[in-house]
Amino acid sequence: MARKSRSSSTSSALSWRSVQLAPVTLLWGSEEYFISRAKTRIRAQFMERYPEADRVEISAKDYRRGELAAASSPSLFSTSKIIEVDQLSSMSEDFLHDVMAYLQRPEQHIAMVLSHNASNSRGKKLVDFFRSSESFPFVECKPLKTDREKLEFVSQEFKDHRKTIDAKAIQLLVAATGADTAELASACSQLMSDAPDVVTEELVHQYYGGRTEVTAFKVSDAVVSGNSRLALTLLRHALATGVDPIPLVGALAARMRHIAKVYGSRGNTTVLASELKMAPWQVEQAQRDSRRFSEQDLAEIFRVLAEVDAQLKGEGTDPLFALEKAILTMSRS
C-alpha cells in the first residue's frame, strides 16, 4: 500500500471519539477507558460490515516471528478477522519486524488495532510511521489532565447523546467524579439514562451531593459570591459529617487561582481561554467573580489559604478555627 505523508498543517492525531474503520489503526496513550471506547467503536464498524468475522488477540510482548501472518490467514470458518494487538510498549523485535512488513501490504477483510500505552519510546519507528501516514489512523488516547479537558469531555458526551446539561451541573459533576475518567463517563451515562432532557445542578447534587468534592464545590461557590453565612453553614455541616477539610481548601485555592488568572483581563473570552488553558465559560465565571476583589484582597486571600493549608497539615494547634477564619476573610473581601 502506498504511503502518503500528512501535510505539516494537518494534525497527526485523530480523536478516539470519531475514529473510523481502517486496515490498521494505532491507539496511542495511557487512558484505558478511551482505548476501550475506540476499540468498541472500531469493532462495531467492522462487525457491521462482516457479521461472521473472527476476533483474534495478540500480545506484542510475547510475540514470535510469523504470528501475524498466521493470524491474518483465512480460517476454516471465516476469511474476515479483527486482530487486536496489546502491549506495544513492550513489543518484541519480532513483532516490530513483522508489523512493519504487514503495513506495506495489509490483507483484505482484516482490521488490525494496535494499542501502545505511550509509557516509553519502544517501537518509535512504528509510532513515527503512523504519525506521518494518511492511510493508517494514529489515535490519541491521553488522560484528561485539566479541568478544562474534563468539562469539555462531559459537554461532548451529552451532545453526542442529544442531551442538555447546565454549565453549573457540568462543574459539579466534574468536581464529584472527575478524578477517574471511567467514573466520570459512567456518571454521565447514568444521568443521561435516568434524567429528563435537561440535567441541572440540583439533579447532579441529588445523585452526588454526599461526596466531599461536591461539598467543597458548594462552599467555594458561597465564598466567592460573598455569602459568608451560607459558606460557614456548609463548612460546619461538612466537618460535622466527617468531610476531610484539606480538599475543601484545595477547591477554594483552585477557584481563587482562576480569579487571579483573569484579574483585570479584557478581550475575547475564547482567546483568553486558550491562553490560560481554561474553558471559555470558566473565564467568564472567573471574570464575574473577580469584580468582587481588589488586588489587596487577592494577596490577603492567598496568604490566608497558605496559612490554613499549613495548619491543616500539622503546623497549627487549631486548624479548624483557622479554616473558618479563612472562609470569613474570603467571603467578606
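Ring pairs join W16, Y33, F34 and F153 into a cluster. Rings here are those of Phe, Tyr and Trp (its six-membered ring), and two of them pair if their centres lie within 6.5 Å; planes under 30 degrees apart count as stacked, over 60 as edge-to-face and the rest as tilted.

This is a predicted model, where local features need pLDDT of at least 70, side-chain atom pairs count only at pLDDT 80 or more, and totals for chains, interfaces and linings use all residues. Residues are numbered from 1 along each chain as its sequence is written, and side-chain values use heavy atoms, with hydrogens and water left out.

**The aromatic pairs**

The structure holds 11 aromatic pairs. One of them is W16 with F34: the ring centres are 4.4 Å apart and the planes sit at 10°, so this pair is stacked. W16 lies in the loop between β1 (14-15) and β2 (24-28), while F34 belongs to helix α1 (residues 32-49), so the pair ties together parts 18 residues apart in sequence. Helices (H or I, at least four residues) and strands (E, at least two) are DSSP runs, numbered from the N terminus. Are W16 and F34 buried or exposed? Both are buried. Buried means under 20% relative accessible area, exposed over 50%, and partly exposed in between (1.4 Å probe, protein chains only).

**Two residues with positive phi**

Most residues other than glycine have a negative phi. Q87 and H109 are listed below with their positive values.

**The whole chain**

The chain has 15 helices and eight strands. Its C-alpha atoms fill a box of roughly 75 × 40 × 40 Å, taken along the principal axes.

What part of the contacts with a separation of 6 or more joins residues 24 or more positions apart? That part is 74%. Contact means heavy atoms within 4.5 Å.

Charge comes next. The chain carries 43 positive and 43 negative side chains, and the centres of the two sets lie 4 Å apart. Lys and Arg count as positive and Asp and Glu as negative; His and the chain ends are not counted. Each charge is placed at NZ of Lys, CZ of Arg, CG of Asp or CD of Glu.
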